[in-house]
Amino acid sequence: MYNQVNQRVSLFFVFFRVAVLFFLWRGGLILTAFIGLNLSQEYSGSYNHDSEWNYFSDHYLLNGFYRWDSDWYDYIAREGYGTQEGRRAYATAFFPLFPFLARWLSLFVGDRLTAGLFLSYLSLFFGLFYCYRIGLKFLDRITVERSIILLLVFPVSFFFSAFYTESLFLFLTSGSFFYFLSRRFFWAGIFGLLACLTRPTGITLIAVMMASLIFQWFSEQRKPKWSVLFLLLIPVGLLIYMILLFFWTGNPLAFVNAQSHWSRSNTFPLLTLLQAWYSLDFSFPRDMTNIQLAINWFCAVGFLILGVVMLITAWKEKTDIGLPLWVLAGVLMPLSTGSVDSMVRYCSVLFPGFFSIATHIKSDIFYFWLITFWSSLLVVYSLGFMNKFWVV
């Protein structure tokens with residue numbers, strides 16, 4: 001899969017193709033959501049925050065993109081972290097870059113909620129832009145575009161359009177990998193630093209990239225360059241957050257302590273999968289919690305297997321192992337918190353996995369079947385999320 005191709009394609013061509021895919025598939029999702037919301041009802045049994053998620057009066061479509069964790073990011077954008085009392089004690093589990101950018105962009109856009117939505121769409125576009133450029137290093141253009149489409153129709157890809165961190169994290173991690181693969185380590189470090197300020201999984205970038213470099217040095221007898229030291233900028237992002245937490249709350253590890261409120265604890269990743277397996281009701285009654293547990297479990301296992309296959313292939317062919325390791329890290333780190341909750345969402349940003357899926361699908365019929373199946377699930381998930389169901 002990861003044999004170097006080095007196709008000469010202009011930036012304008014990449015920009016144009018990404019723009020076409022972006023507007024077609026995001027436009028289709030928004031249109032579907034608009035029609036679907038008019039043909040469905042909100043879930044009355046859902047827990048509502050103080051705002052009841054009605055940020056925009058008489059704009060039900062816009063309100064649909066602000067659900068669940070969106071309220072926490074809005075809370076941080078509005079009030080910050082502050083002391084470790086009451087609700088503030090739990091907010092530290094959510095990293096600061098996205099809500100703070102939404103707050104700062106609101107100075108130009110008008111309000112932080114619109115700014116956050118604008119940030120998500122802009123980040124998604126440039127995240128796809130970097131994914132496309134990474135793909136062209138290893139794959140033909142058709143396979144790259146199929147990968148982008150698969151990412152856009154992944155069943156929970158509506159989070160890329162919501163007041164969530166998914167789009168920003170995709171943008172920063174794909175940008176970091178693009179510059180890493182291009183041997184522009186300073187920018188790889190800068191993007192990685194910002195990724196660490198976005199989500200805790202960003203810290204694994206340094207381990208993944210260093211492992212990739214060590215593998216290359218031994219397999220290709222390539223001497224390291226001093227510029228790789230710029231990769232040490234990546235963990236600085238986490239260090240910055242810890243320093244800020246010390247000044248804000250008096251506890252630099254407040255984000256770790258907050259995990260217990262979200263039913264997260266340090267657990268061996270495979271044990272998490274085993275415990276979740278035994279928790280499943282295989283009679284599959286009509287139960288939202290049970291079916292979501294099953295979907296999260298199968299998604300985690302699927303991407304874990306995908307990462308292992310990618311790694312073995314890269315190891316045998318002595319090509320870059322960074323991308324396969326990123327898939328594995330993106331699955332194992334969330335599993336190490338003792339829960340499979342939201343694993344579908346966490347896997348949605350693991351873009352190398354979509355390259356691998358597109359590469360291994362040889363049949364056009366199966367590819368279009370997969371697009372249709374995922375798109376159908378995307379509609380179900382999107383409407384569930386917008387109608388206040390806890391779907392992840």
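**View 1. Overall fold of the predicted protein model, with its helices**. The secondary structure consists of 18 helices and zero strands. The radius of gyration is 21 Å, close to the 21 Å that the globule rule gives for 392 residues, so the protein is as compact as a globular protein of that length. Along the principal axes, the C-alpha atoms fill a box of roughly 60 × 55 × 50 Å. Among contacts between residues at least 6 apart in sequence, 74% join residues at least 24 apart.

**View 2. Surface and charges of the protein**. The accessible surface comes to about 17,700 Å², and 67% of this area belongs to carbon and sulfur atoms, while 55% of the 392 residues count as buried.

**View 3. The largest nonpolar core**. This core has 136 residues, and those with the most contacts inside it are F177, F303 and F351. Its largest share, 12 residues, comes from helix α6, which spans residues 112–135.

**View 4. Surroundings of F177, one of the residues with the most contacts inside the core**. When residues up to four places away in sequence are not counted, F177 touches I134, L205, V208, M209, G322, L323, W326 and F351. Among these partners, F351 is itself named with F177 and F303 as having the most contacts inside the largest nonpolar core.

Key:
Residues are numbered from 1 along each chain as its sequence is written. This is a predicted model: local features need pLDDT of at least 70, side-chain atom pairs count only at pLDDT 80 or more; totals for chains, interfaces and linings use all residues. Side-chain values use heavy atoms; hydrogens and water are left out. Helices (H or I, at least four residues) and strands (E, at least two) are DSSP runs, numbered from the N terminus. The radius of gyration is taken over C-alpha atoms; the globule rule is 2.2 Å times the number of residues to the power 0.38. Buried means under 20% relative accessible area, exposed over 50%, partly exposed in between (1.4 Å probe, protein chains only). Contact means heavy atoms within 4.5 Å. Accessible areas come from the Shrake-Rupley method with a 1.4 Å probe; for residues, only the protein chains shown count as cover. Lys and Arg count as positive and Asp and Glu as negative; His and the chain ends are not counted. The place of a charge is taken as NZ of Lys, CZ of Arg, CG of Asp or CD of Glu. A nonpolar core is a set of buried Ala, Val, Leu, Ile, Met, Phe, Trp, Tyr and Cys residues joined through side-chain atoms within 4.5 Å.
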